[in-house]
Amino acid sequence: MKHRLFLFDLDDTLLDFKASERLSFTRTMRQLGLDGNLDALFTTYQPINLALWKGLEAGTVSKDFLKVERFRKTFEAQALDLDPALASRLYLELLADSVVLIDGARELCATLAGIGEVGIITNGIEHVQAQRVASSGLGEHVSFVSTSDACGHAKPDVRFFEYTARMARAFAHHDTVIVGDRLDADILGANRFGIDSCWYNPGRLANTSGALPSCEAATLHDIVPALTALAA
């Protein structure tokens, strides 16, 4: 294998964010006093949250605004008289401990840490993502966690990857690879920064974007063989 620095996206690559998000959201709403079925509320929340994260990545909204605004808009849409700032605080506290690993994540990180250095790259909130990595048990295999929150720029901005490269023990474009599920953030970011990428694509989706991965894997167990084949 030619790579020595392995940069992993966190959510929906190593951790099942969808499961963690739903669990944390449900627990938050219960603490706020909501009973019964929360499906409609969560369905309202998801596109609001996604749109705000897209805004963060585009540089049009701030992290602090996003954290509260997603709940304010959700409660407004459902005519709920609840405190969005309190909801935000509770949600982030619960999210930090609501960790669900994707199958093979721990073994993959251990294997690659034995070959080189493993880092996490995430468009997330610094203290939350650091706690989630620690809670997952992946921390012993991970050298650093690079967040858009600490950097001030989000994937796919080249400045985020320049920031990340400075965190590594050693960095060279030719032996660095990004592994991630998002074409528009992870793979496009790798293209712009001039490094290899592996698209984690469990849904076996068609790539209709302009982002070009160096290789592709449908499971985490497929990633080592895919990366090894790049050197052949």
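Hi everyone, let's start in a loop: P156 sits between helix 7 (148-151) and helix 8. The bond joining K155 to P156 is a cis peptide, with omega at about 10 degrees. Before we go on, please keep in mind that this is a predicted model.

How do helix 8 (residues 158-167) and helix 9 (residues 183-193) pack? Their axes lie 9 Å apart, at an angle of about 80 degrees. Angles of 65 to 115 degrees count as roughly perpendicular, so that is the word for helix 8 and helix 9. On the helix 8 side, the contact is made by V158, F161, E162 and A165, and helix 9 brings A185, G189, A190, R192 and F193. Sorted by class, that gives six nonpolar residues, one polar and two charged.

Now for another pair. Helix 3 (residues 63-77) and helix 4 (residues 84-97) have axes that come within 8 Å and cross at roughly 120 degrees. That angle makes helix 3 oblique to helix 4. The crossing of these two helices is right-handed.

Next, have a look at helix 6 (residues 126-136). Which of its residues are buried? They are V128, Q129, R132, V133 and S136. Because they cover an arc of only 130 degrees around the axis, they fall on the same side of helix 6. The face turned away from the buried side carries the exposed residues H127 and A134. And what do the buried residues of helix 6 pack against? Their partners are helix 1 (17-31), helix 4, helix 5 (105-113), strand 2 (117-122) and strand 3 (144-147). Just after helix 6 comes G137, with a positive phi of about 85 degrees.

D12 has a phi of about 70 degrees, and you'll find D12 in the loop between strand 1 (5-9) and helix 1. R204 has a phi near 50 degrees, and its place is the loop between strand 5 (196-200) and strand 6 (215-217). Buried or exposed? D12 counts as buried because its relative accessibility is 17%, whereas R204 is exposed, with a relative accessible area of 63%.

Terms used:
Residues numbered from 1 in each chain as written. Predicted model: local features only at pLDDT ≥ 70, side-chain atom pairs only at ≥ 80, totals over all residues. Heavy atoms only, no water. Axes fitted to C-alpha atoms, helices over the stretch in contact; angles between N-to-C directions. Helix = DSSP H or I, 4+ residues; strand = E, 2+ residues; numbered from the N terminus. Parallel < 35°, antiparallel > 145°, perpendicular 65-115°, else oblique. Left-handed = near helix turned anticlockwise from the far one by under 90°. Buried < 20%, exposed > 50% of the residue type's maximum accessible area, 1.4 Å probe, protein only. Arc of directions from axis to C-beta. Contact = heavy atoms within 4.5 Å. Nonpolar A, V, L, I, M, F, W, Y, C, P; charged D, E, K, R; others polar.
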